[in-house]
Amino acid sequence: MPRTEVFNRELILSQVRDLFWNNGFNGTSMRDLVETTGLNRSSLYNSFGNKQSLYELVLKKYQEENKLLFQDALIRADNPRQAIKNIFENILDAMLQDTKQKGCFILNSKAELSRSEPSIRVLLEKNEASELKLLRNLVEEGQDHNVINKDSSPEEFAYYLYSAFQGFRMTGILENDRSKLQNIININMAKLS
């Protein structure tokens, strides 16, 4: 008869995500996972698989949570250009709420694991493709409605914006002055005018 989980799965995943987020994949041992969660090794393995499986699980969960920043931005927008600005501002709010200034878990994963862990690279590539498609569609629609200039193609602007979001998140690791970060948003948005 299979054993029943007697712990709060969401709490455990949140604790594990924070541990990986703070220490990185390579800086986190199974012992760290056991100490942080209060679960023994066999419970971790039986419930979540090995360390890499657990990392992939929390990375997927973070990616889903990150999509909410984009969805919220789209819901509140009157037009595609405003949606893009809302995405930047949602990221800004998330960065300023991150009192430990850990950066973006996805970007941290890219920096640490995209070349050494093929399965994690696949997750990161899928996330990137999804975000680029969304941005490309927003730009194309914005250009059709004359709220985004046609100086670059939708694909070129999508890559520009994707890169800008990543750079913005990296800047937010060390910089937490709202006015400086807002100025970065304004400069990026001016590129679209």
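A polar contact is a pair of N or O atoms within 3.5 Å; within protein, one atom must be able to donate a hydrogen and the other to accept it, and residues adjacent in sequence count only if both atoms are side-chain atoms. The structure examined here is a predicted model, in which local features need pLDDT of at least 70, side-chain atom pairs count only at pLDDT 80 or more, and totals for chains, interfaces and linings use all residues. Residues are numbered from 1 along each chain as its sequence is written, and side-chain values use heavy atoms, with hydrogens and water left out.

Confidence is given as pLDDT, the predictor's score for each residue from 0 to 100. The chain averages 90. A score of at least 70 is reached by 96% of the residues. Helix 3 (residues 41-48) has the lowest confidence, with a mean of 86. Helix 9 (residues 178-192) has the highest, at 96. Helices are DSSP runs (H or I, at least four residues), numbered from the N terminus.

Thr28 sits in the loop between helix 1 (9-23) and helix 2 (30-37). Its relative accessible area is 1%, so Thr28 is buried (under 20%; 1.4 Å probe, protein chains only). The side chain of Thr28 reaches the backbone oxygen of Gly24 at 2.7 Å. Beyond its neighbours within four places in sequence, Thr28 is in contact (heavy atoms within 4.5 Å) with Leu19, Phe20, Asn23, Leu33 and Lys51.

Asn146 is exposed (over 50%), because its relative accessibility is 63%. Its phi is positive, at about 60 degrees, although Asn146 is not a glycine.

Two packed helices are described by the angle between their axes and the distance between the axes. Axes are lines fitted to C-alpha atoms over the stretch in contact, and angles run from 0 to 180 degrees between N-to-C directions. Helix 4 (residues 51-75) packs against helix 6 (residues 105-113) at about 140 degrees, with the axes 10 Å apart. Helix 4 is therefore oblique to helix 6; angles under 35 degrees count as roughly parallel, over 145 as roughly antiparallel, 65 to 115 as roughly perpendicular and the rest as oblique. Helix 4 contributes Tyr55, Val58, Leu59, Tyr62, Gln63 and Asn66 to the contact. Helix 6 contributes Phe105, Ile106, Ser109 and Leu113.

Gln166 belongs to helix 8. Setting aside neighbours within four places in sequence, Gln166 is in contact with Leu107 and Lys110.

Note on methods. Helix = DSSP H or I, 4+ residues; strand = E, 2+ residues; numbered from the N terminus.
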